[in-house]
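This report asks the reader to look at one protein model and to consider how its parts are arranged.

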Amino acid sequence: MTRTIVESKTKTAIIGFDQPFCVIGERINPTGRKKLAAELEMDDFTTVEADAVAQVLAGATVLDINSGAVFSNKMAEDPRYADNNFVEPALMKALIERVQAIVDVPLCIDSSVPGALEEGLKAAEGRPLLNSVTGEEERLDLVLPLVKKYNVPVVAISNDDTGISEDPDVRFAVAKKIVERAADFGIPAHDIVVDPLVMPIGAMATAGQQVFALVRRLREELGVNTTCGASNISFGLPNRHGINNAFLPMAMGAGMTSAIMNPVALPVTQKAIAEKKAAVEAAGIILPAEIDDETFVTLFGLGSTKPRPGKEMEAIRAANLLTNNDPHGGEWIRFNKAPDAAGETGGRRGGGRRRRG
C-alpha cells in the first residue's frame with residue numbers, strides 16, 4: 001500500500017489508501033482574509049495561533065501554512081514589499097515557528113515562492129509536506145530539487161504551462177509527467193500527493209464525476225495518494241456545506257486520501273445573534289432576561305459561539321467508519337460522545353439517548 005509519511009517533532013500523519021482520511025487544515029492563509037493579513041503586517045499572530053489550536057481540536061491531522069500575504073501599508077513605505085519573493089520567506093519562517101510553538105502536528109508548507117518553501121523547510125521540525133509543484137517546466141526545475149534535498153513529500157498539482165485543462169485525461173497526463181520527472185530525481189511515487197484539481201460543480205456539471213474517475217486512475221495506474229481543495233467543488237452555490245458533505249465521502253470512496261479544507265465550524269457572529277434576537281422578538285417571543293448567547297444560538301439552531309468541528313468532519317468520520325478505517329468505531333464514538341473542555345460532546349450535545357429505567 002502507498003503511504004506518504006508526514007511528521008512533526010513527535011507526531012506522524014500517514015496519508016494512505018488503508019489509513020483514515022487525512023484532513024489538512026487550510027485556515028492559516030491570509031489570501032482573501034483582510035483581517036489576518038493586517039494582523040500579520042503588524043507582526044500580530046493572535047489569529048494564526050487561535051486558528052492553529054481550533055483546527056487541531058476539530059480534527060485536522062496536518063496544518064497548511066500559507067504565506068501569501070499582501071502588506072499594503074508597508075508596500076507604500078518600501079517598494080520591496082510589493083514583491084512576494086521579499087515578503088514570503090521571512091513570513092513563512094515566522095508563521096511556522098509560531099505554529100510549532102503552540103501545536104505539535106505535521107505541517108504543509110504552502111507557497112508559490114521557492115524562497116518561502118525553502119525557509120519553511122529550514123524552520124519546520126520533522127518531515128513536512130511541501131505544497132506544491134506543478135507540471136510547468138520552470139516549477140519542476142525549482143521545486144523538485146528542494147523535495148530531494150530535504151527528503152520531503154510534495155503536493156503535485158495537475159496543471160502545466162498550458163494552464164488548467166477541463167479534460168480529465170490531460171490532467172492525468174500532467175500528473176503522470178510530474179511523477180516521472182520526480183523519479184528522475186530519485187523521488188519515489190509514495191512521496192507524491194497528486195491534486196487532480198477540483199472544478200466547481202456550478203460551472204461544470206461533470207466536475208464531481210471527473211474527480212472521482214481521476215482519483216481512481218491515479219490510484220490504480222500511478223499508485224499515488226491524492227488531495228484537493230475540497231471547497232472548490234461547491235464554489236458559487238448555496239448551502240456549500242451540504243455539497244461538501246456529500247462530496248468528501250464520495251471522493252473518499254473513489255480513493256482520495258486527503259483534502260485541504262476547513263475542519264472548523266466558525267463561531268456565530270454577534271451580528272447574526274443580534275439579528276436573530278430581533279426576529280424572535282418581532283415574532284412576539286419573550287426571551288428570558290438571563291439567557292446567554294450560547295444557550296440562545298443552540299436553542300434556535302444557529303450553531304455555537306465557540307469554534308467546533310464542522311459538518312464536513314462528521315461526514316469524514318462517518319466515511320472512515322464505513323470504510324473500516326476507524327477500527328471498532330473508536331473515533332466515531334469519541335467524536336459523538338466524549339465531552340470536550342467546554343463540557344459538550346465532540347460532535348453534538350447530549351452524548352446520545354438517555355437510558356430508561
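The sections below treat aromatic rings, a pair of helices, selected residues and backbone geometry.

## Aromatic rings

The model is predicted. A search of the whole structure finds five aromatic pairs. One of them joins Tyr81 and Phe86, whose rings lie 5.1 Å apart from centre to centre, with 90 degrees between the planes, an edge-to-face arrangement. Phe86 is partly exposed, because its relative accessible area of 32% falls between the limits of 20% for buried and 50% for exposed. Tyr81 and Phe86 also belong, together with Phe71, to one aromatic cluster.

A further pair is formed by Phe296 and Phe300, with ring centres 4.9 Å apart. Their planes meet at 45 degrees, so this pair is tilted. With a relative accessibility of 0%, Phe296 is buried, whereas Phe300, at 25%, is partly exposed.

## Charges over rings

A second case involves Arg219 and Phe17. Here the charged end of Arg219 sits over the ring of Phe17, at 4.2 Å from the centre of that ring.

## Helix 5 and helix 6

How do helix 5 and helix 6 pack? Helix 5 covers residues 114-123 and helix 6 covers residues 137-150.

On the side of helix 5, the contact is made by Pro114, Leu117, Glu118, Leu121 and Lys122. On the side of helix 6, it is made by Arg139, Leu142, Val143, Leu146, Lys149 and Tyr150. By class, the contact has seven nonpolar residues, four charged residues and no polar residues.

Glu118, in helix 5, can be followed individually. Apart from its neighbours within four places in sequence, Glu118 is in contact with Leu146, Lys149 and Tyr150. Glu118 and Lys11 are 107 residues apart in sequence, and their C-alpha atoms are 22 Å apart in space.

Val23 lies in strand 3, which spans residues 22-28. Is Val23 buried or exposed? Its relative accessibility is 2%, so Val23 counts as buried. Leaving out residues up to four places away in sequence, Val23 touches Gly59, Ala60, Thr61, Val62, Ala259, Met261, Pro263, Met313 and Ile316. Val23 and Ala60 are 37 residues apart along the chain, yet their C-alpha atoms are separated by 4.9 Å.

Val174, in helix 7 (residues 168-184), is buried with a relative accessible area of 5%. Beyond its neighbours within four places in sequence, Val174 is in contact with Gly135, Ile157, Ser158, Asn159 and Asp160. Asn244 belongs to helix 9, which runs over residues 240-254. Asn244 is buried as well, because its relative accessible area is 7%, under the limit of 20%. With residues up to four places away in sequence not counted, Asn244 touches Ala230, Ser231, Ile233, Ser234, Pro249 and Glu312.

## Helix 13

Which residues of helix 13 (residues 330-337) are buried? They are Gly330, Phe335 and Asn336. These buried residues pack against strand 12 (308-309) and helix 12 (311-322).

## Backbone geometry

Most residues other than glycine have a negative phi, and most peptide bonds are trans. Some places in this model may be read against that background. The peptide bond from Asn131 to Ser132 is cis, with omega near 25 degrees. Ser132 is found in strand 6 (residues 129-134).

Asn151 is not a glycine, but has a positive phi of about 55 degrees. Asn151 is located in the loop between helix 6 and strand 7 (154-157). Asn324 likewise has a positive phi, near 65 degrees, and is placed in the loop between helix 12 and helix 13. Asn324 counts as exposed because its relative accessibility is 62%, over the limit of 50%.

Terms used. Residues are numbered from 1 along each chain as its sequence is written. This is a predicted model: local features need pLDDT of at least 70, side-chain atom pairs count only at pLDDT 80 or more; totals for chains, interfaces and linings use all residues. Side-chain values use heavy atoms; hydrogens and water are left out. Rings of Phe, Tyr and Trp (its six-membered ring) pair if their centres lie within 6.5 Å; planes under 30 degrees apart count as stacked, over 60 as edge-to-face and the rest as tilted. Buried means under 20% relative accessible area, exposed over 50%, partly exposed in between (1.4 Å probe, protein chains only). A charge sits over a ring if NZ of Lys or CZ of Arg is within 6 Å of the ring centre and within 35 degrees of the ring normal. Axes are lines fitted to C-alpha atoms, for helices over the stretch in contact, and angles run from 0 to 180 degrees between N-to-C directions. Helices (H or I, at least four residues) and strands (E, at least two) are DSSP runs, numbered from the N terminus. Contact means heavy atoms within 4.5 Å. Ala, Val, Leu, Ile, Met, Phe, Trp, Tyr, Cys and Pro count as nonpolar, Asp, Glu, Lys and Arg as charged, and the others, Gly among them, as polar.
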